[in-house]
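Here's a quick briefing on how the pieces of this assembly meet. Have the viewer open while you read.

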Protein chains: 2
Amino acid sequence: MTSQDSTNKICNKVEECYHFTGKKWVGLIVYTLMREPKRFSEIHTFIPDLSKRVLTERMKELEDSGIVIRNVIPDRPVRIEYSLTKKGNDLGIALQAVESWAKKWL
Amino acid sequence: MTSQDSTNKICNKVEECYHFTGKKWVGLIVYTLMREPKRFSEIHTFIPDLSKRVLTERMKELEDSGIVIRNVIPDRPVRIEYSLTKKGNDLGIALQAVESWAKKWL
DNA sequence: TTCATTGGTTACTTTCCGTAACCACAATAA
DNA sequence: TTATTGTGGTTACGGAAAGTAACCAATGAA
């Protein structure tokens, strides 16, 4: 029994955050919203490989998690604008460390 | 045509890194290997919800990407030890920013 | 009147992932 | 001897996640 692990339990928060930010497209969506708020179709244009079906689903999840705010603009065809909350913006900043890693190593 | 996007192309490296780190379990695996190298079964014990099938698959991918080194220890039943490369360790450090975010916001 | 645009939604297919059984090999237990 | 255990996988199978394409209501433009 080689149980010389100093730590044999993963921190709950850490586990939760990887379960969350590790979901497909989440990183790119947050990254996309960092510069400025964007409409549904703009996000979709930005990430063409992300289908509308999943984009809808992911945005709903991000809204429920307090990462994103969904703002309805009552135009002719109604427009929806998504913006980051403080929580979401903080996540985006944290993710920039990973982006820097990518620029160095990929 | 409201094409007043200052940036309408995602950086390739950024896109690639999210396609990569956004894969299920990758973050937790790198996190797990940060403290010290670990054997296959130790990783599996650390992340019980990650199946052996996918763990095998993910470790192979991480090895191919130069994140991890697979070291064969010729014991009675052969043991495999996985350790992070410099590239992998750098990724782990970048991910700590996300973990800090998690500890603050989750 | 017909067409395009908005942000979705719906059915269908493909891909991903968890479950459980299995493998060879050697050491140990009975 | 024979059965059992532990190693790091691999395999077949089923369910969940995600991609594809068609469709929707409401409005405005041609």
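The notes below cover the chain contact, a strand pair and the DNA surface.

This is a predicted model, in which local features need pLDDT of at least 70, side-chain atom pairs count only at pLDDT 80 or more, and totals for chains, interfaces and linings use all residues. Residues are numbered from 1 along each chain as its sequence is written, while chains are lettered from A and ligands numbered from 1 in the order in which they are written.

**Where chains A and B meet**
- Chain A puts 32 residues into the contact and chain B puts in 32 residues (in contact: C-beta atoms, placed from the backbone, lie within 7 Å).
- On chain A's side, the elements giving two or more residues are α1 (12-21), α2 (26-35) and α5 (86-105) (helices are DSSP runs of H or I, at least four residues; strands are runs of E, at least two; both are numbered from the N terminus).
- α5(A) has the largest share of that side, with 13 residues.
- By type, chain A's side splits into 17 nonpolar, six polar and nine charged residues (Ala, Val, Leu, Ile, Met, Phe, Trp, Tyr, Cys and Pro count as nonpolar; Asp, Glu, Lys and Arg as charged; the others, Gly among them, as polar).

**The strand pair in chain A**
- β2 (68-73) and β3 (79-84) of chain A run antiparallel, joined by six bridges (strands pair if DSSP finds at least two bridges between them).
- A:Ile73 has A:Arg79 of β3(A) as its bridge partner.
- Five residues make up the hairpin link from β2(A) to β3(A).

**Around DNA strand D**
- There are 19 residues around DNA strand D, and A:Ser51, A:Arg76, B:Arg39, B:Ser41 and B:Pro77 come nearest (near: C-beta atom, placed from the backbone, within 6 Å).
- Elements giving two or more residues here are α4 (52-64) of chain A, plus α3 (40-46), α4 (52-64) and β3 (79-84) of chain B.
- This surface divides into seven nonpolar, three polar and nine charged residues.

Notes:
Two residues are in contact if their C-beta atoms, placed from the backbone, lie within 7 Å.
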